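Welcome! Let's get to know a structure together, one question at a time.

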There are 2 protein chains.
Amino acid sequence: MFELLQTEGKARRGRFTTVHGKVETPAFMNVATSAAIKGGISSYDLVDLHCQVELCNTYHLHLRPGDDVVSDMGGLRAFMGWQGPVLTDSGGFQVFSLAPLRRITEDGVYFSSHIDGSHIFMGPEESMRIQSNLGSTIAMAFDECVANPAEYEYAVQSCARTTRWLERCKKEMACLNAAPGTINPHQMLFGINQGATFDDLRVAHMRQIAEMDLDGYAIGGLAVGEPAEDMYRIISCVEPHMPVGKPRYLMGVGTPLNLLEAVERGIDLFDCVMPSRNARHAHVFTRAGKRNLMNAKYTRDSAPIDETCDCPVCKKHSRAYLHHLFKAEELLAMRLSVMHNLYFYNRLMEDIRAAIEEGRFAAFKRELSRTIDRRI
Amino acid sequence: MFELLQTEGKARRGRFTTVHGKVETPAFMNVATSAAIKGGISSYDLVDLHCQVELCNTYHLHLRPGDDVVSDMGGLRAFMGWQGPVLTDSGGFQVFSLAPLRRITEDGVYFSSHIDGSHIFMGPEESMRIQSNLGSTIAMAFDECVANPAEYEYAVQSCARTTRWLERCKKEMACLNAAPGTINPHQMLFGINQGATFDDLRVAHMRQIAEMDLDGYAIGGLAVGEPAEDMYRIISCVEPHMPVGKPRYLMGVGTPLNLLEAVERGIDLFDCVMPSRNARHAHVFTRAGKRNLMNAKYTRDSAPIDETCDCPVCKKHSRAYLHHLFKAEELLAMRLSVMHNLYFYNRLMEDIRAAIEEGRFAAFKRELSRTIDRRI
């Protein structure tokens with residue numbers, strides 16, 4: 001159930017209630033692709049980092065360790081030791097971005113594992129069965145992500161197929177949730193809007209899937225190389241057709257500035273590998289801008305990454321120490337930087353929520369936008 | 001100051017008081033070579049792992065980030081965020097094991113950095129100055145580690161030089177501790193016994209250095225490929241000549257069984273990369289034996305690494321999850337396994353101390369020796 005608590009323009013302050021806990025929105029979901037946050041962060045650490053939702057990946061977990069294994073271990077939450085909600089991506093994006101030798105049919109997609117080359121078939125029913133085995137709180141529909149840029153005619157066909165697949169996902173999930181022994185019989189389904197960068201296709205597709213009364217709606221197929229302005233335009237285009245009473249999720253986005261812009265356009269949920277991936281390459285976020293901890297100027301800098309940050313890393317460690325750890329290629333460098341960046345994203349969302357509650361989101365965004373994306 | 005609290009045969013229960021805190025002995029020092037435990041473990045984590053002493057390396061830290069940097073940051077303890085005692089190895093062992101193109105003279109050793117090939121000279125005075133910059137609690141004397149097996153005549157000459165170097169170390173440290181602005185003006189010096197595998201040389205060298213009234217005495221140059229029986233024989237040979245009222249440190253040792261055997265022969269302090277290195281390769285310790293977490297039999301094993309262990313990892317994570325993390329090459333696999341293994345070593349020492357206090361160390365050792373070294 002989604003409650004809209006407050007709005008400021010299009011920006012929404014909401015509360016999404018799931019069987020595994022409440023999610024205060026707007027929220028950033030922390031990406032644990034293979035049931036672990038990259039950089040040596042456990043689910044227990046995530047509690048200290050103010051994470052609300054962990055996001056795991058159907059494609060990766062189906063290949064390794066196998067969703068049958070995760071199911072036998074009681075589902076993802078028991079397997080990872082995470083008490084809160086988990087969202088599983090459907091595998092659609094990975095089938096189209098990682099797997100070689102794929103062939104798309106009306107049934108689904110034939111592809112080769114990027115790990116061992118073995119032949120695998122995944123369609124809407126398979127994706128739903130895997131996600132049911134994983135026992136996630138929220139399952140994503142199995143969709144086709146078309147490449148960017150896409151041909152208009154291909155995008156039309158692909159959207160229609162994605163809608164047909166969504167109907168099959170919904171039907172399959174109803175069966176799985178009702179089956180005896182299902183790990184999470186209250187699993188929810190989010191549909192995914194597609195349509196490449198064509199506004200008319202995006203709107204038409206959104207209107208179609210909005211009628212299906214799903215638990216939430218995502219905008220997929222963005223942040224795949226198109227200019228940020230295209231992404232913002234598409235959100236603004238699609239948003240008026242998204243049900244008001246359901247959470248809205250912009251998949252795979254983005255920079256802190258992207259988040260501010262998307263919240264302003266009515267988005268509630270986000271996920272992105274950016275905070276953890278950047279951190280592993282020594283790029284850390286502050287509200288005054290991004291730092292590269294490899295920079296020699298930090299050699300003797302006794303300040304924390306961010307003097308205004310109260311994360312477990314900034315309370316304890318200096319830029320000089322982190323700089324040394326990166327130069328010495330110590331794994332601790334990655335762990336500490338990932339912790340800082342995830343906390344930065346989660347805290348940013350907390351402050352966005354407070355700003356909307358207090359009717360000062362526009363000013364908050366204007367102020368932060370001046371500095372948050374620059375290099376310092 | 002070292003107090004001998006209790007003995008059982010040769011085994012000693014002691015308390016070593018330093019300016020940075022007390023060390024209950026026998027103790028295992030946790031190795032943070034480049035000012036970080038490998039595997040993504042911070043000094044703050046070490047508190048939870050019952051670590052008493054962190055050990056860092058003079059050679060590595062001199063090359064990177066430079067002891068001048070560490071000094072400017074307030075010394076190793078401030079740099080790493082560790083409140084307890086730190087022991088710094090002198091660099092002697094690394095100069096002889098890692099650096100190419102070395103040339104030994106009476107002054108010291110000319111060698112090339114293993115990082116960038118730059119030419120470096122290190123002698124007793126240089127090692128002491130670096131360790132003073134690092135601000136460690138305990139500095140180790142700069143010694144020569146001869147290769148195993150060694151020629152008798154070479155070992156004689158080398159021992160004599162190591163003794164002369166020790167005298168220079170002691171003199172230099174006295175100056176450094178008295179100098180204004182020294183980070184730790186109470187830095188202590190441990191001498192290192194050498195003599196390869198020749199009992200007469202070992203004993204003669206130990207008797208010589210015992211007269212120098214140092215803060216502690218180490219046995220060096222062991223665990224370099226000789227059979228364990230040779231190591232045990234040398235400890236037994238040298239031990240009667242070690243001052244009773246000073247801590248005794250067996251450098252670079254070893255397996256859990258080695259620790260039990262060495263404690264029985266009168267050793268108080270240990271260090272070894274084994275718990276962290278083994279953990280990073282999925283080898284974890286339990287008192288019932290060693291496990292390889294890569295083994296397929298753990299795929300669906302919901303038990304913790306060790307059912308009898310109360311470490312932060314065994315309280316939270318299953319063998320199945322750790323097995324998956326290793327297969328998926330997630331850094332979290334290393335972190336969790338290193339945490340477990342360090343806790344295992346630190347807890348083993350706690351139980352050794354309790355056993356000596358209660359006069360049941362012999363039985364404790366006999367019981368554990370049956371299982372601790374086997375593969376399960």
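A few questions and answers about two sites follow.

This is a predicted model, where local features need pLDDT of at least 70, side-chain atom pairs count only at pLDDT 80 or more, and totals for chains, interfaces and linings use all residues. Residues are numbered from 1 along each chain as its sequence is written, chains are lettered from A and ligands numbered from 1 in the order in which they are written, and side-chain values use heavy atoms, leaving out hydrogens and water.

Q: Which residues does UniProt give as "active site"?
A: The feature comes from an unreviewed UniProt entry, and such annotations may be inferred rather than shown by experiment. Its residues span 183 residues in sequence, yet no two of their C-alpha atoms are more than 10.4 Å apart, so they gather at one spot.

Q: Is A:Asp271 buried or exposed?
A: Buried means under 20% relative accessible area, exposed over 50%, and partly exposed in between (1.4 Å probe, protein chains only). The relative accessible area of A:Asp271 is 9%. A:Asp271 is therefore buried.

Q: Which side chain joins that of A:Asp271 in a polar contact of 2.7 Å?
A: A polar contact is a pair of N or O atoms within 3.5 Å; within protein, one must be able to donate a hydrogen and the other to accept it, and residues adjacent in sequence count only if both atoms are side-chain atoms. The partner of A:Asp271 here is A:Tyr249.

Q: What strand holds A:Asp89?
A: Strands (E, at least two residues) are DSSP runs, numbered from the N terminus. A:Asp89 lies within residues 86-89 of chain A, which form strand S6.

How values were computed: Helices (H or I, at least four residues) and strands (E, at least two) are DSSP runs, numbered from the N terminus.
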